[in-house]
Amino acid sequence: MASKDVVIVGAGIAGLSLAWHLRRAGQAVTVLERAPRAEGASVRNFGMVWPVGQPTAEIEALALRSRELWQIAAAEAGFWHRACGSLHLAYEDAEMAVLKEFAESHPDRTPRNVLTPDEAVARCPGIRREGLRGALASSTEHAVDPREVVHRLAEALVQSGVGIGFVSPVPRVKSGQVTLIGGETIRASAVVVCAGPWLFEQFHEAATRDGLDLCHLQMLRLEPQAGTPALGVHLCAGLTQDHYKNFSDCPSLPAVRALHRQKWPAQLKHGIHVLVAEHADGTLTVGDSHTYGRAHPVYSEESVDQLILQAMDEFLPVDRYTVCQRWIGTYPTHPSLPYWQTQVEDGVWALNLFGTGMTLSFGVTERLKSEILTCA
């Protein structure tokens with residue numbers, strides 16, 4: 001029977017960032033992953049570190065701390081990382097009003113700048129100038145490529161002495177030990193389960209009690225045609241104001257929502273708002289839609305992808321790009337919490353980030369590391 005200080009179940013970004021913190025703290029760590037490689041939400045996202053979208057000053061501060069830690073991890077592990085900032089684009093007067101209200105009404109938050117249309121185009125020449133009312137510019141956002149990050153970080157962790165076992169399903173977790181398929185048991189002072197949607201298998205009662213559900217989304221990757229200008233910045237537009245709670249106290253938001261019910265009824269039906277992230281090779285990740293329920297969808301819907309592209313075309317011309325990949329992502333979610341961390345029993349924690357993995361992971365797991373070491 002092997003023995004470790006900490007066993008982590010799940011080799012997505014939550015599990016790997018926690019392993020990174022614990023190894024730096026001198027702990028003996030093993031990570032167990034049910035698949036041959038990470039293949040869940042940690043590789044099916046934008047790769048956006050997105051402080052601007054956080055609902056409170058406290059969570060934004062956590063995102064900014066996570067961003068600092070991302071930079072350290074990128075330097076150590078050698079994965080691509082870029083400080084790119086973001087532009088929230090407005091193509092309606094009411095949307096522009098919300099952006100101005102947000103910029104002016106949060107003195108305790110990181111400053112953001114309101115740009116004229118010409119200033120926005122100067123910042124990102126590839127955006128559509130016609131109809132543009134202006135933009136909100138933020139310098140706090142960073143970019144990584146999720147498909148690279150989890151694999152390069154895992155490799156760096158192995159080199160530092162962390163044990164990572166792929167194709168290692170864990171059917172049973174209890175205080176002091178985990179049991180693998182085949183009966184092998186590992187003793188541990190602490191066990192942390194970061195298992196994404198599979199948390200409902202391990203901790204169904206606790207997850208149901210706390211109101212967790214599953215969110216399913218469709219996303220695309222696009223290749224730019226020759227001569228298409230690089231973006232150099234994360235992009236979003238009006239529908240994002242409906243989605244993120246950081247805009248919820250802006251006086252003009254009800255007018256925006258009424259406008260969008262008329263302008264984008266099909267997009268709202270499918271929970272669509274559009275984010276665009278550019279990667280090192282120039283490809284873009286674009287999405288996404290949102291549907292909810294415990295059943296996992298089998299097929300993506302072409303009509304939903306077309307609605308995403310239609311909304312993107314308002315601010316970024318679709319005819320400059322070719323769709324090269326499409327996929328469905330699934331992650332746990334909650335109506336109000338950005339992440340779920342709970343101590344299920346002595347020495348056993350569950351952790352899931354609700355669509356905030358790239359933004360909050362390193363900050364959240366830094367706190368959990370401290371809690372684990374305090375309890376040890």
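Biologist: How far does helix α5 (residues 146–160) reach from its first C-alpha to its last?
Modeller: This is a predicted model, in which local features need pLDDT of at least 70, side-chain atom pairs count only at pLDDT 80 or more, and totals for chains, interfaces and linings use all residues. Residues are numbered from 1 along each chain as its sequence is written, and side-chain values use heavy atoms, with hydrogens and water left out. Helices (H or I, at least four residues) and strands (E, at least two) are DSSP runs, numbered from the N terminus. With 15 residues, α5 is expected to span 21 Å at 1.5 Å a residue (the expected span is 1.5 Å times one less than the number of residues), and its reach is close to that, at 21 Å.

Biologist: Which residues of α5 are buried?
Modeller: Buried means under 20% relative accessible area, exposed means over 50%, and partly exposed is in between (1.4 Å probe, protein chains only). By that rule, the buried residues of α5 are P146, V149, V150, H151, L153, A154 and L157.

Biologist: What do the buried residues of α5 pack against?
Modeller: Let's look for contact, which means heavy atoms within 4.5 Å. The partners include both helices and strands: α1 (13–24), α2 (57–77), β8 (142–144), β9 (163–165) and α12 (357–375).

Biologist: How many of the twelve residues of α1 are buried?
Modeller: Helix α1 reaches 16 Å from its first C-alpha to its last, close to the 16 Å expected for its twelve residues. Its buried residues include I13, A14, L16, W20 and L22. The rest of the structure largely encloses α1, because the number of its residues that are buried is ten.

Biologist: At roughly what angle do the axes of α1 and α2 cross?
Modeller: Two packed helices are described by the angle between their axes and the distance between the axes. Axes are lines fitted to C-alpha atoms, for helices over the stretch in contact, and angles run from 0 to 180 degrees between N-to-C directions. Here the axes come within 12 Å and cross at roughly 80°.

Biologist: Is α1 roughly parallel or roughly perpendicular to α2?
Modeller: Angles under 35 degrees count as roughly parallel, over 145 as roughly antiparallel, 65 to 115 as roughly perpendicular and the rest as oblique. The crossing at roughly 80° therefore makes α1, relative to α2, roughly perpendicular.

Biologist: How do the residues of the contact of α1 with α2 divide?
Modeller: I13, W20, H21 and R24 in α1 meet L69, W70, I72, A73 and E76 in α2. Ala, Val, Leu, Ile, Met, Phe, Trp, Tyr, Cys and Pro count as nonpolar, Asp, Glu, Lys and Arg as charged, and the others, Gly among them, as polar. That gives six nonpolar, one polar and two charged.

Biologist: Leaving aside its neighbours within four places in sequence, what is E76 in contact with?
Modeller: E76 is found in helix α2, and at 47% relative accessibility it counts as partly exposed. Apart from those sequence neighbours, its contacts are W20 and R24.

Biologist: In which sense, left-handed or right-handed, does α3 pass α9?
Modeller: The axes of α3 (residues 93–104) and α9 (residues 253–263) come within 9 Å and cross at roughly 150°. That makes α3 roughly antiparallel to α9. A crossing is left-handed if the near helix is turned anticlockwise from the far one by less than a right angle, and right-handed if clockwise. For α3 passing α9, the crossing is left-handed.

Biologist: Which residues in α9 do A94, E95 and V98 in α3 meet?
Modeller: The residues of this contact divide into five nonpolar, one polar and one charged. Those on the α9 side are L253, A255, V256 and H260.

Biologist: What is the relative accessible area of V52?
Modeller: V52 has its place in the loop between β3 (48–49) and α2. Leaving aside neighbours within four places in sequence, V52 is in contact with several residues, among them S86, H88, F102 and N246. V52 is buried, with a relative accessible area of 0%.

Biologist: And V167, is that residue buried or exposed?
Modeller: V167 is found in the loop between β9 and β10 (172–174). Its phi is near 50°, a positive value in a residue other than glycine. With a relative accessible area of 55%, V167 is exposed.
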